[in-house]
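Q: I would like to go through this model with you, one region at a time. Could you take my questions as they come?

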Amino acid sequence: MEINREDYKSDPKVVESGNVGEATSSASSSVLKSALLLENVGDVVLTLNSDGLSLEFLGSSYNDGSITSGIKPVQKFVNEIRFSDVYGVEFINYGLINVSRRSKAEQCFQGRASHGSEMYRFTVHSFQKSRGQPCLWVLAVYSFGHKDLQTCQTWVDRINASLNLEMGRPKKLLVFINPMSGKANGRRTWEMVAPIFSRAKVKTKVIVTERAGHAFDEMASAANNELKSYNGVIAVGGDGFFNEILNGFLLSRHKAPQPPSPSDIVHSDQSSGNGLFRNPNERVTETTCQNEDHSPLLSNSVYNGTRQANFRTEDGTCNIGQDFEFPLPGEEFRFGIIPAGSTDAIVMCTTGTRDPITSALNIVLGKKVCLDIAQVVRWKTTTASDIEPYVRYAASFAGYGFYGDVIAESEKYRWMGPKRYDYAGTKVFLRHSSYEAEVAYIETESEKTNPTVEKGQLFSGLRKRQGPKKSERVVCRTNCGVCNTKSDYMSKRSPCSTPYSSLGETRWLRSKGKFLSVGAAIISNRNERAPDGLVADAHLSDGFLHLLMIRDCPHALYLWHLTQLAKRGGQPLNFEFVEHHKTPAFTFTSFGKQSVWNLDGELFQAHQLSAQVFRGLVSFASQPVGLTAELRKWSGINLGQRWWFLAHHIVSQEDVALLFTIPPPSPPTALKMSTPGEYYRSLPPVSKAYGVACLMTTAAYYLGLYQASSIALYYDDVIKRFQVWRLITNFFFLGPFSFPFAFRLIIIARYGVQLERGPFDKRTADFVWMFFFGALSLLVMAAVPFLWSGFMGVSLVFMIVYIWGREFPNAQVSIYGLVSLKGFYLPWAMLALDLIFGNPLMPDILGMLAGHLYYFLTVLHPLSGGKFIFKTPIWVHKLVAFWGEGTQVNAPVQRDPSAGTAFRGRSYRLNGTRNNSAGQAQENPQTQQPDSNNGVAFRGRGYRLGGQ
Ligand SMILES: Nc1ncnc2c1ncn2[C@@H]1O[C@H](COP(=O)(O)OP(=O)(O)OP(=O)(O)O)[C@@H](O)[C@H]1O
């Protein structure tokens, strides 16, 4: 039957099966239809279907796209709200429903009164995906109104009944809050999301922890029957806090044989080289463990007078006389995190964003994924202690060496909040400690066919790119094909078997040497510092660890590896000193100097250790990040790259559509593997010349070709002995070969080059003048005895950093791959680092002064209306023209087209005429227009110096 819209508008009533009339609240009828007033939209016909609500907009009421009564306005008029996206419905009392949010002034001006009326109301709570970042969910509330109370109540009841049919939504949750997480805002984070739980009618028992280890004790001592009454446990905190809860849960409930200890792995055959097998006769002695950890988690875990978590049975499991066994892997009982920590890597890898609201919505909507969990067994803490197993679980990462040292160091600076990781990371990086260790790991099929390490090629820097297997490039995503495929051994295994027991005879491979770090990533570990994570293609639930062994290597290469980690699309594994193996288990033994393990950000001391991963052991409340979301982040990839992407990833139809319809996304920036020659040739001329001059000066000093004192800036010698070269040469010596020297050279190659290619593009003379001006200013400053230094090159380099910081104030800069800050703060951050490391600050300060003076005179002063008097002198233009390198589009002198290199033709007269090979006369340079081949006249900003 056709519906008369005018009837709806004049007398909005509930319509059941097409009848305009009174409300019928029969829950049995499948379709409910009413004419209602939707806040900020107007009259709509709302229809309740089996899978959601559909809205039909009636008339032309004003819609400005926002809704008032709620948390976040609805962005646009939607036609459908699916129940899977609705987390609650509430009846609200009689009150005003607005149709327009226009101000009174606007309404007066437009001659229309406020379009709103008083009526009974109910709201439907849902969410919308953020446009720019689809994995970020924002709350959306739809407020409907009707004159009839019964109509509203019918709607609330019917929607509630439909929501009750939604599968897998939690009814009751145990919530632990760590008030000390991150910036100590655990409580506030919970207060922010608690209304979502109450609207979704999820009962919560909230425990605010009073000390480290509190949540562990609560979880470990809870009876299984009691835990069963909950649908899951939520941690409001960081990864370390989640780890505590996970261990409290699993230690007493997960029953599985422990992995072999390092001494269980024996050489089967001397001739087989690295082939190692587990000794079948060896049986692990299991005893009550002593607590040698400093973890507060363990020191407080005492109940019933014993450390129950450490009591293990013959099969290596704990038995604390539980009432019944907790099913594991448990799909119904879920874990969840409301992020409030410092890194929140687990949340980043599962929901794709570090947003408490998104996580809360994932929880109440019953989203679930399976997570691999690693069981880590310590056999010895120190060389003196007896062999004894001690078990811990990790959900994201287990790391030794650099990873452990950073956590150990950062614990001393907890008061700094999340910044402690940056500070501690820098300190540990500079310490550059390496540790002797042996690692044995199970060989997998992919290892056999695609070994990632070519033996004997270590330390040669970048590894030749090897075509990784297609399966290894698949990014974990919604409905991930890799995670959803149960492998043979996984489907056959019982919960009590080892993860690889059905592999038959397993072959162990071994790596021994000095390592800067050894790490096992269970998931990709994306976080704000490492946007792609440690291993970009690690999966949430494929039953594998990614073993990363970073062999001892030069400082600079390690820095390169870290910077690759810190950038999106980086290739941190593509180095010869990085070993990467995908494996279900490994063992580890350290020798000599020891570091500490980091398990999900918690310290764990172990001299001998084994680890194995259990596939999908726990359920986690989240919908994993879709590839779709990843794709949206890219802008600018070309068609070829899109096809490449399709060819190498398993993608859904939605992804394919997106890939070819979204505005051109950008590619993940791949590491350019050009040859040194290509790299050198690609450098712009001024930075290249200065960098090469500095390198050659230091190389000549290293070879003993001159004394440093003979090129230093001594004014006495300049004036009395006329050694004028000192005024120039002092700028080219950046110190002997050392880390600081390399660092300064990198500054020239990075920031100098960026300036020359960016703001100084096609303005070579202006860039040269910047150097001249800087050098002149520094020479003047050095005339003051208190400010004098024999070599002012360091200050000149710092001036480059300062000017770069002013030109690129919003660029994101990563220092040592650890600290991320805006370009504007870069010189200040470098100054602070020099202060911390005890380096002299005067050269930096002088460089900043020279840089500021230059920037003030060329940009700030003209911008503020001052006269631009600081033009690049004509003689600099002439010099550049003579040099024949670079381009100055607004040059008042003509470059000799046949000049290509400096000192090319002393016979050519500058600024004059000359005969070229064709015997043609040179035009007067002063009348020259820019060479059309040089592109447009002045591409830079209008206010910059040198602009016409
Ligand atoms: N009430 C408490 N007082 C002090 N420490 C606590 C308390 N409750 C828990 N802890 C401990 O705080 C440590 C760190 O917590 P959490 O992981 O939440 O924050 P974070 O370290 O800042 O974040 P992330 O692990 O993401 O880097 C955990 O080891 C946990 O045991």
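Q: How far apart are the end C-alpha atoms of residues 727-748, and how much of the span is helix?
A: The end C-alpha atoms of residues 727-748 are 20 Å apart, and the span is 59% helix and 0% strand. Helices here are DSSP runs of H or I with at least four residues, strands are runs of E with at least two, and both are numbered from the N terminus. This is a predicted model, in which local features need pLDDT of at least 70 and side-chain atom pairs count only at pLDDT 80 or more, while totals for chains, interfaces and linings use all residues. Residues are numbered from 1 along each chain as its sequence is written.

Q: What about residues 768-801?
A: Residues 768-801 are 71% helix and 0% strand, with end C-alpha atoms 16 Å apart.

Q: Where does UniProt place the feature "transmembrane region"?
A: The unreviewed UniProt entry places that feature at residues 689-715, 727-748, 768-801, 813-833 and 845-863. The positions follow the numbering used here, feature names are shortened, and annotations may be inferred rather than shown by experiment.

Q: Changing topic: which residues come nearest to the ligand?
A: G237, G238, G240, F241 and G341 come nearest, out of 23 residues around the ligand. A residue counts as near if its C-beta atom, placed from the backbone, lies within 6 Å of the molecule. Helix α7 (residues 239-250) gives the most to this shell, with 4 residues.

Q: Now G417: where is it found?
A: G417 is in the loop between α11 (402-411) and α12 (419-431).

Q: Why does G417 count as partly exposed?
A: Because G417 has 13 C-beta neighbours inside 10 Å. With C-beta atoms placed from the backbone, a residue is buried at 20 or more others within 10 Å, exposed at 12 or fewer, and partly exposed in between.

Q: What does G417 touch beyond residues up to four places away in sequence?
A: G417 touches G182 and K183, where contact requires C-beta atoms, placed from the backbone, within 7 Å. S181 is 236 residues from G417 in sequence, but their C-alpha atoms are 8.8 Å apart.

Q: How many residues of strand β10 are buried?
A: In β10 (residues 172-177), 5 of 6 residues are buried.

Q: Which strands are joined to β10?
A: Strand β11 (residues 203-208) runs parallel to β10 and is joined to it by 6 bridges. Strand β12 (residues 232-237) is also parallel to β10, with 5 bridges. Pairing requires at least two DSSP bridges between the strands. V175 stands opposite V206 in β11, and I177 has V236 in β12 as its bridge partner.

Note on methods
Contact = placed C-beta atoms within 7 Å.
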